[in-house]
Amino acid sequence: MATQELTSQTFNSTVADNELVFVDFWATWCGPCKAFGPIYDKASEKNADIVFGKVDIDQNQELAAAADIQAVPTLMVTKNGQVIFKQAGALRASDLDNLIEQAKQADVPPAQH
């Protein structure tokens, strides 16, 4: 599955309705974001069972602020509605693949509402 744009309107429901969600917070003016984009896109195609979202921080400033994004790119991973990973900086493909495997295996109970 290809990456999907997430906005303030779709972010919470996407995180709540999917077991595992990777979110790339990025900006059009960010050089490292441009380098990471193709790596992220390729990972999304190899892992159809995971939602890969992208948030343009300039278009979604409130969402970026709510997620406490200090730098781009920042990768956030949620499982069962809970943030299990958040880190600024572009990852190499091998590091992203490793993170995907760790996230799949992480034992995170569903959030209680």
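Visitor: What does buried mean in this predicted model?

Guide: Buried means under 20% relative accessible area. The model is predicted.

Visitor: What makes strand S2 mostly covered?

Guide: Seven of the seven residues in S2 (residues 20-26) are buried. Each therefore falls under the 20% cut-off.

Visitor: How do you know that both faces of S2 are covered?

Guide: Take the two sides in turn. On one side sit Leu-20, Phe-22, Asp-24 and Trp-26. On the other sit Val-21, Val-23 and Phe-25. These residues are all buried, so they are under 20% relative accessible area.

Visitor: Why are S2 and strand S4 called paired?

Guide: Pairing needs at least two bridges. Six bridges join S2 to S4 (residues 74-79), and the two run antiparallel. Val-21, for one, has Thr-78 as its bridge partner in S4.

Visitor: What makes S2 and strand S3 a pair?

Guide: The test is again at least two bridges. Six join S2 to S3 (residues 51-56), and these strands run parallel. Within S3, Phe-52 stands opposite Phe-22, and Gly-53 stands opposite Val-23.

Visitor: Why is the crossover from S2 to S3 called right-handed?

Guide: The chain crosses from S2 through helix H2 (residues 31-46) to S3. With the strands pointing away from the viewer, a right-handed path runs clockwise. This β-α-β crossover is right-handed, so its path runs clockwise in that view.

Visitor: Which strands make up the sheet, and in what order?

Guide: The open sheet has five strands, ordered S1-S3-S2-S4-S5, with mixed pairing.

Visitor: Why do S1 and S5 stand at the edges?

Guide: S1 (4-5) and S5 (82-88) each have a single partner strand, so one side of each lacks a neighbour in the sheet.

Key
Residues numbered from 1 in each chain as written. Predicted model: local features only at pLDDT ≥ 70, side-chain atom pairs only at ≥ 80, totals over all residues. Heavy atoms only, no water. Buried < 20%, exposed > 50% of the residue type's maximum accessible area, 1.4 Å probe, protein only. Helix = DSSP H or I, 4+ residues; strand = E, 2+ residues; numbered from the N terminus.
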